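This report is for a reader meeting the structure for the first time. Please look over the sequence and the model before reading on.

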Amino acid sequence: VYIGRPIKAGRAEGLAVVSPEPIGFLGGVDPETGVVIEPGHALVVPKMHAALFTELPDSVLSHLMPLVKRVASLLLERLPCDGFNILQNNGRCATQVVPHVHFHVVPRWNGRAINWISGAYASAEEMESVYRKLTVAAGV
């Protein structure tokens, strides 16, 4: 589990818990800019490298999709939020920036306009608060 600061040169600088599963759950932070779409924006990432969704074996996908569902449930219950987007991009033409499969789970709220413009956590404390809400609920 990783929630927080940008990942640069392959090094995560944030709050992390390692998953024993063949997948991981990461806080969604743009690796180039360090910004998030919404507080609580999460990434679900397979540990097995694959640049495209179609390159992942079904055995990995069978672990991945239930975790995407679990993360979405945690966002609804613990932030809480009113809904969420699940996004997965394949190829530069589809706005894939990181050449490794990952699912964005983005919390959304009623009355708040949807946009895809990145923002940032107001403070390290806000980021840590979101991290605690989600990891305590997940039992990690």
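## Strand 6 and its partners

Strand 4 (residues 42–46) and strand 6 run antiparallel and are joined by three bridges. In this pairing, Ala 42 stands opposite Val 105 of strand 6. The model shown here is a predicted one.

Strand 6 is also joined to strand 5, by five bridges, and these two strands run antiparallel as well. Here Asn 85 of the chain stands opposite Val 106 in strand 6.

## Cover on both faces

In a regular strand, side chains alternate between the two faces of the sheet. Strand 6 spans residues 103–108 and is mostly covered, with six of its six residues buried. Phe 103, Val 105 and Pro 107 lie on one side, while His 104, Val 106 and Arg 108 lie on the other, and both faces are covered.

Strand 4 is largely enclosed by the rest of the structure, because five of its five residues are buried. On one side of strand 4 are Ala 42, Val 44 and Pro 46, and on the other are Leu 43 and Val 45; both of these faces are covered.

## Overall layout

How many helices and strands does the chain have? There are two helices and six strands. Along the sequence they follow the pattern β-β-β-β-α-β-β-α.

The chain has 140 residues, of which 41% are buried. Among contacts between residues at least 6 apart in sequence, 65% join residues at least 24 apart. The chain exposes about 7,600 Å², and carbon and sulfur atoms supply 58% of that area.

Leu 64 belongs to helix 1, which covers residues 58–78. Is Leu 64 buried or exposed? Its relative accessibility is 0%, so Leu 64 counts as buried; the cut-off for buried is under 20% relative accessible area.

Val 45, one of the buried residues of strand 4, is 19 residues from Leu 64 in sequence. In space, the C-alpha atoms of Leu 64 and Val 45 are 7.8 Å apart.

Which residues make the nonpolar surface patch of about 230 Å²? The patch is made by Leu 76, Phe 84 and Ile 86. Ile 86 lies in strand 5, which covers residues 83–87.

Ile 86 has a relative accessible area of 43%, so it counts as partly exposed. That class lies between the limits for buried, under 20%, and exposed, over 50%.

## Cysteines

How many disulfides does the count come to? The count is zero, by a rule that asks for a pair of cysteine sulfur atoms within 2.5 Å.

Cys 81 and Cys 93 can be described by their accessibility. Cys 81 has a relative accessible area of 7% and is therefore buried. Cys 93 has a relative accessible area of 80% and is therefore exposed.

Definitions and conventions:
Residues are numbered from 1 along each chain as its sequence is written. This is a predicted model: local features need pLDDT of at least 70, side-chain atom pairs count only at pLDDT 80 or more; totals for chains, interfaces and linings use all residues. Side-chain values use heavy atoms; hydrogens and water are left out. Helices (H or I, at least four residues) and strands (E, at least two) are DSSP runs, numbered from the N terminus. Buried means under 20% relative accessible area, exposed over 50%, partly exposed in between (1.4 Å probe, protein chains only). Patches are made of residues with over 30% relative accessible area and no salt bridge: like charges are joined within 9 Å, nonpolar side chains (Val, Leu, Ile, Met, Phe, Trp, Tyr) within 5 Å. Accessible areas come from the Shrake-Rupley method with a 1.4 Å probe; for residues, only the protein chains shown count as cover. A salt bridge is a side-chain nitrogen of Lys or Arg within 4 Å of a carboxyl oxygen of Asp or Glu. Contact means heavy atoms within 4.5 Å. Two strands pair if DSSP finds at least two bridges between them.
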